[in-house]
Amino acid sequence: MVSKDSRVHFRRHRRWNTAKNKIKKVRVPGGNVTAHYFKRLNKGLPRNPISLGHQLLRGIPATTPMERHKLPRKMLSVNRPYGGTLSHDIVRDRIIRSFLIEEQKIVKRVLKAQNVKDTQKKKAKERRAKKLAKKGKSA
C-alpha cells in the first residue's frame with residue numbers, strides 16, 4: 001500500500017499534471033515509490049467526416065494512431081465501396097441519390113421527346129387546316 005504523502009516525480013519529458021500525463025504510484029520491490037504511466041487511450045472508433053454526420057465506422061478496431069499504423073491493411077477497411085472511410089448509411093444514401101438522379105434525367109429526356117412529338121402533331125394539324133381553308137376559298 002502506498003501512503004498518501006509519498007511524492008513521486010514524473011519520469012518523462014512532460015513534467016506537469018496534464019490530462020494525458022496520468023500516473024499511478026507503485027511501490028517497487030526495492031521499497032521505493034515510482035510512477036507507472038497509464039497507456040494513452042484512443043479517441044474511439046474512426047468516424048465519418050463531420051460534414052457527413054460524424055457517425056462511427058463499424059468493423060474497424062478502436063486504436064491509437066500508432067497502433068493503427070502497425071495494423072494490417074485488411075483490419076483498416078471494410079469490404080464495400082468506401083469501406084473504412086464512409087459508413088454504410090452514407091454509402092447507401094449516395095447510391096440511392098445517384099440512381100434517382102439518373103432516373104430523373106431519363107424522365108426529362110422522355111418528356112422532351114413527347115413534347116417534340118406533340119408540337120409536330122400540332123404543326124401538322126395547322127398545315128392541314130390551312131390547306132383545307134385554301135381549298136374551301138378556291139372552290
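**Note on a predicted protein model**

1. The protein contains two helices and two strands, where helices (H or I, at least four residues) and strands (E, at least two) are DSSP runs numbered from the N terminus. Along the sequence their pattern reads β-β-α-α. This is a predicted model, in which local features need pLDDT of at least 70, side-chain atom pairs count only at pLDDT 80 or more, and totals for chains, interfaces and linings use all residues. Residues are numbered from 1 along each chain as its sequence is written, and side-chain values use heavy atoms, with hydrogens and water left out.

2. On overall form, the protein has a radius of gyration of 37 Å, whereas a compact globule of 139 residues would have one near 14 Å. The radius is taken over C-alpha atoms, and the globule rule is 2.2 Å times the number of residues to the power 0.38. Along the principal axes, the C-alpha atoms fill a box of roughly 130 × 30 × 25 Å.

3. Of the 139 residues, 13% count as buried (buried means under 20% relative accessible area, exposed over 50%, partly exposed in between; 1.4 Å probe, protein chains only).

4. One residue may be examined individually. Thr64 lies in the loop between strand S2 (33–37) and helix H1 (65–70). Is Thr64 buried or exposed? Thr64 is buried, because its relative accessible area is 14%. Leaving aside neighbours within four places in sequence, Thr64 is in contact with Arg40, Leu41 and Asn42; contact means heavy atoms within 4.5 Å.

5. Among contacts between residues at least 6 apart in sequence, 31% join residues at least 24 apart.
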